[in-house]
Amino acid sequence: MEPFLEGKTIFITGATGFLAKILIEKILRIQPNVRKLFLLIRASDAKSVRKRFNDEVMQTELFSVLREKIGANNLNSLIEEKVFPVAGDISFEDFGIENSDMKNKMFKEIDIIINSAATTRFDERYDIAMDINVLGALNVLKFAKRCENVKIIVHVSTAYVCGEGEGVIPEKSFTLGETLNKNSKLDIDVEREVIDEKLKVLEAQSLTTKEVTIAMRDLGIQRANLHGWPNTYSFTKAMGEMLLGHYKEELKLVIIRPTIITSTYKEPFPGWIEGVKTVDSFILAYGKGVMNFCFGDPNTKLDMIPGDMVVNSILASIIAHVKNNEYYYSEELIYHISSSKINPLKTSNILLFLYNYFTKNPWMNKDGNIIKVGKPTLFSSMDSFRKYISTYYWPLLKIVELANLLLWHRFDKIHKDLKRKIDMAIRLSELYKPYLLFHGSFDDANTKRLRMTMKEHKMDDVLNFDPSCINWEDYFMKTHLPGAVNHIF
């Protein structure tokens, strides 16, 4: 590994997240001579943060390769010596770290900050998304400014801060207050006031927690749409980028914008994933026989990138931008980690892979019967999609509902299953509509230069983030789908 990571102290936020775990494992596996890893984990105290780190990070299958490579005792010693979980919350200034000795050590020792903390739910409560994705990013920046030796902040964002873009989307930064629809003025302080006012109104109505959550989720979507973004996630990630870019001053800032992140391609082993990612919601519903129709353009390029390639790009950006305590090169600060331009994958391809996989590897239901899947039907317009549901499913639901009432709830299960199928189809389609009809591709000129830099340093094998090497059919049939079935479902 590039020598500069030796003896360096790295601070990683969102340390129990999918990407951060792959990152922690990679650093420890290829550069055990790193000085320290400070890991920010949401917890109340030192004891609970250590427990959460052990349970949610170290006990995952992800670390099995490293454990086998160096032995369980050696891995435990390495963790004890190098890894320091820190109890805190990104939504507070100084992350609410109460241990002043720990905080002072961090201020003195940190060289590199990687901010991977985020809420990635598309329709998250607006107050929560604001705290984590927007104010959290600003808190990382404020903390970095108090660090004596920090060389760089790498901020993990999303390529979809572009909203519902068309054509080639440039690797371009936002200016503070910029909107996508150009008809509104975005003021982040005003957005915070909108949140506070809404919470006061909801509190006065004595609503249940669930009702407040629904209202705050709706508010996030409304505010995002007002300013031209399709959902709360991409809107708040864009605002986070704006604050970082505007207030960074002399700090070196790199923004990594991955597209739809999928299971690992190769490292530490193929197919590791956790949590239901964007495309996996439909995989789950389809494989279980809950849903065999969906909405989307068959020719839409679904831009996907394996998690280990995203992590490799993060490490590559650090190597490229910091060398021997000097800036190595500084022109390109935003990187699209994407596949649509050099190795495009269409929606229709994925549906074919799904059908082939679950035909050969069917799931079983609770009764032990094989779930047979049909070829998924794709509707290219929302009108045709809704018409299909209203023609074939709503009348059937009404008949089952009536029969259920007349026959003393004998059809409860059938009614529930059918309603769930309809609700899930509508919810997934509305939530993912911007991506299922996305007609843009992501410019990756900066990322190509980054790959060339790694090649010059003979690091392109160790830090491979070139999606042109992926055979998508092989990847889905032999890696991603088996991995998703094994690790998620």
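This is a predicted model: local features need pLDDT of at least 70, side-chain atom pairs count only at pLDDT 80 or more; totals for chains, interfaces and linings use all residues.
Local features need pLDDT of at least 70 and side-chain atom pairs count only at pLDDT 80 or more, while totals for chains, interfaces and linings use all residues. Residues are numbered from 1 along each chain as its sequence is written, and side-chain values use heavy atoms, with hydrogens and water left out.

View 1. Seven strands, in the order β3-β2-β1-β4-β5-β7-β13, form an open sheet with parallel pairing (strands are DSSP E runs of at least two residues and helices H or I runs of at least four, numbered from the N terminus; two strands pair if DSSP finds at least two bridges between them). The edge strands, β3 (83-87) and β13 (334-337), each pair on one side only. The twist averages 20° from one strand to the next. Strands β1 (residues 9-13) and β4 (residues 112-115) run parallel and are joined by 4 bridges; T13 stands opposite N115 in β4. Helix α1 (residues 18-30) packs on the sheet, touching β1, β2 (36-41), β3, β4 and β5 (152-156) (contact means heavy atoms within 4.5 Å).

**View 2. Helices α6 and α7.** The axes of α6 (residues 126-145) and α7 (residues 188-204) come within 10 Å and cross at roughly 150° (axes are lines fitted to C-alpha atoms, for helices over the stretch in contact, and angles run from 0 to 180 degrees between N-to-C directions). The two helices are therefore roughly antiparallel (over 145 degrees; under 35 is roughly parallel, 65 to 115 roughly perpendicular and the rest oblique). Y126, D127, M130, V134 and L135 of α6 meet I188, E191, R192, I195 and L199 of α7.

**View 3. Residue A445.** A445 lies in helix α16 (residues 445-456). A445 counts as partly exposed because its relative accessibility is 28% (buried is under 20% relative accessible area, exposed over 50%, partly exposed in between, with a 1.4 Å probe and protein chains only). Its C-alpha atom is separated by 8.6 Å from that of H336, 109 residues apart along the chain.
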